[in-house]
Amino acid sequence: MANAKMPFCLLAFFCLLLQLFSIFHIGNAELEMNYYRESCPRAEEIIRQQVETLYYKHGNTAVSWLRNLFHDCVVKSCDASLLLETARGVESEQKSTRSFGMRNFKYVKVIKDALEKECPSTVSCADIVALSARDGIVMLKGPKIDMIKTGRRDSRGSYLSDVETLVPNHNDSLSSVLSNFNSMGIDVEATVALLGAHSVGRVHCVNLVHRLYPTIDPTLDPDYALYLKNRCPSPNPDPNAVLYSRNDRETPMVVDNMYYKNIMAHKGLLVIDDELASDPRTAPFVAKMAADNGYFHEQFSRGVRLLSETNPLTDLDLLS
C-alpha cells in the first residue's frame, strides 16, 4: 500500500503518532456510538459547530461533505484516503477524473484544527468525513441522522487506480451501480435513496452533452432538453469553464424528494436517472419516494448509515 501525506499533517510523524496512539490507548477496533466519549467528549459537538460555521460562510461546503463521504467510502473503506495529497510520486485520489468538481478539502483542515486544540492526536480524519457529512445533511434541510458510529482509522495509502473502477462514472448503467452498492452491503431500496443526494448535486456539461448533441436523447423531456442546451450551448465544452446544470432547479440546496419527482417527469441529467425511474427493480421505490418525503428521508438515513460503516479500517489493519 502506497504512502502519502494528509493535507493538514505538517509532519509525517504526526499521522503515525495518531495511529499508534489509537492502537495502544483507545483499543476497540469496532465502530461504536460515541467512540470519543472519554478521549474527546466534545468531538462531535466541535465538528457540528464547525460545519455550521462553515456553512454560513460557504454554503456549498455542506454539499462537499456529503460527496466526500461517498467518494471516500466506495473506494476500499471509509478511511479518509480521499484526503491524502500527492507525495513521493504517489498520486492522490483527488487527481482522478471521477473526482472532477470536488472541492473544499481545505475546510476539512479547519475542522481538524479545531479538534486538535481540544484533543490532540485523537479524532481520526475518517470520522471527520463521516460526521461532517451527517451534520452537513442537516444544514441542507435533510434528515437528522443520530446513529452514526465512530472509531474509524485513517488510511496511510492512496488508491487512485481503484477510484476509476469503484466510483461510478456519469454514464454507468443502473445495473453496474446496483452491483457496486450491493457489494458494499447496500440493498436496492437504500441505493435508490442514496442517489437522492443528487437533489443537491449538479452535473458539469462535459458529462452531460452526450445527451444533447448531435441529437437530443429522446428520453428527455423536450422543454427540459432545451433548458439544458441553454446551460450547455456547445457539444465540446471547455472543462475549465466549469459549466453545469443543477439536478433540481426548485430546491437546489435542500435534500428532499424533488429529485424523484424530476426523474419521473423525464427531467434527470444522467442516463441512470432515466433508468432509475423506469427499471422495474427501482421504479416502485422512486414512485414512493416522490410521493413521500418522509419515507425518502427515512431510507436516505438508513443508506447513509450503511455507507458510512462500509468496511471500516481497523487497528489490526494498521498493524498488518
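## A first walk through this structure

Let's start with Tyr-55, which is buried at a relative accessible area of 17%. Buried here means under 20% relative accessible area, exposed means over 50%, and partly exposed is whatever falls in between (1.4 Å probe, protein chains only). With 66%, Tyr-56 counts as exposed.

Before going on, keep in mind that this is a predicted model: local features need pLDDT of at least 70 and side-chain atom pairs count only at pLDDT 80 or more, while totals for chains, interfaces and linings use all residues. Residues are numbered from 1 along each chain as its sequence is written, and side-chain values use heavy atoms, with hydrogens and water left out.

### Rings in pairs

A pair of aromatic rings is described by the distance of the centres and the angle of the planes. Rings of Phe, Tyr and Trp (its six-membered ring) pair if their centres lie within 6.5 Å; planes under 30 degrees apart are stacked, over 60 edge-to-face, and the rest tilted. Searching the whole structure turns up seven aromatic pairs. In one of them, the rings of Tyr-55 and Tyr-56 sit 5.3 Å apart at their centres with planes at 75°, so this pair is edge-to-face. Phe-70 and Phe-181 make a stacked pair instead, with 6.0 Å between centres and 25° between planes. Helices (H or I, at least four residues) and strands (E, at least two) are DSSP runs, numbered from the N terminus. Phe-181 has a relative accessibility of 2%, so it counts as buried. Elsewhere, Tyr-259, Tyr-260, Phe-296 and Phe-300 come together in one aromatic cluster.

In soluble globular proteins, nonpolar side chains tend to be buried together. A nonpolar core is a set of buried Ala, Val, Leu, Ile, Met, Phe, Trp, Tyr and Cys residues joined through side-chain atoms within 4.5 Å. The largest one here has 84 residues, and those touching the most other members are Leu-69, Ile-111, Leu-115, Tyr-260, Leu-276, Phe-300 and Val-304. Helix 5 (residues 125-139) is its biggest contributor, giving nine residues.

What does Ile-111 contact, beyond its neighbours within four places in sequence? The list is Ile-47, Gln-50, Val-51, Leu-54, Trp-65, Ile-128 and Ser-132, where contact means heavy atoms within 4.5 Å.

Phe-300 and Val-304 are also among the buried residues of helix 13, along with Tyr-295, Phe-296 and Leu-307, to name a few. The cover over the buried residues of helix 13 includes helix 3 (61-73), helix 5, helix 8 (188-194), helix 10 (258-264) and helix 12 (283-291). Where helix 13 starts, a side-chain oxygen of Asp-292 comes within 3.0 Å of the backbone nitrogen of Gly-294. The length of helix 13 (residues 293-308) checks out too: at 1.5 Å a residue its 16 residues should span 22 Å, and the end C-alpha atoms are 22 Å apart. The expected span is 1.5 Å times one less than the number of residues.

### Three disulfides

The structure holds three disulfides, each being a pair of cysteine sulfur atoms within 2.5 Å.

| Pair | S to S | Torsion about S-S | Hand |
|---|---|---|---|
| Cys-73 and Cys-78 | 2.0 Å | 125° | right-handed |
| Cys-205 and Cys-232 | 2.0 Å | about -75° | left-handed |
| Cys-40 and Cys-119 | 2.1 Å | about 85° | right-handed |

If you number the bonded cysteines in sequence order, the pairing reads 1-4, 2-3, 5-6.

### A loop leucine

Leu-212 lies in the loop between strand 1 (202-204) and helix 9 (222-231). Is Leu-212 buried or exposed? Its relative accessibility is 0%, so Leu-212 counts as buried. Not counting residues up to four places away in sequence, Leu-212 touches Leu-220, Ala-225, Leu-228, Lys-229 and Cys-232. Pro-233 is 21 residues from Leu-212 in sequence, and 9.4 Å from it in space, C-alpha to C-alpha.

Definitions and conventions:
Polar contact = N/O pair within 3.5 Å; in protein donor to acceptor, adjacent residues only side chain to side chain.
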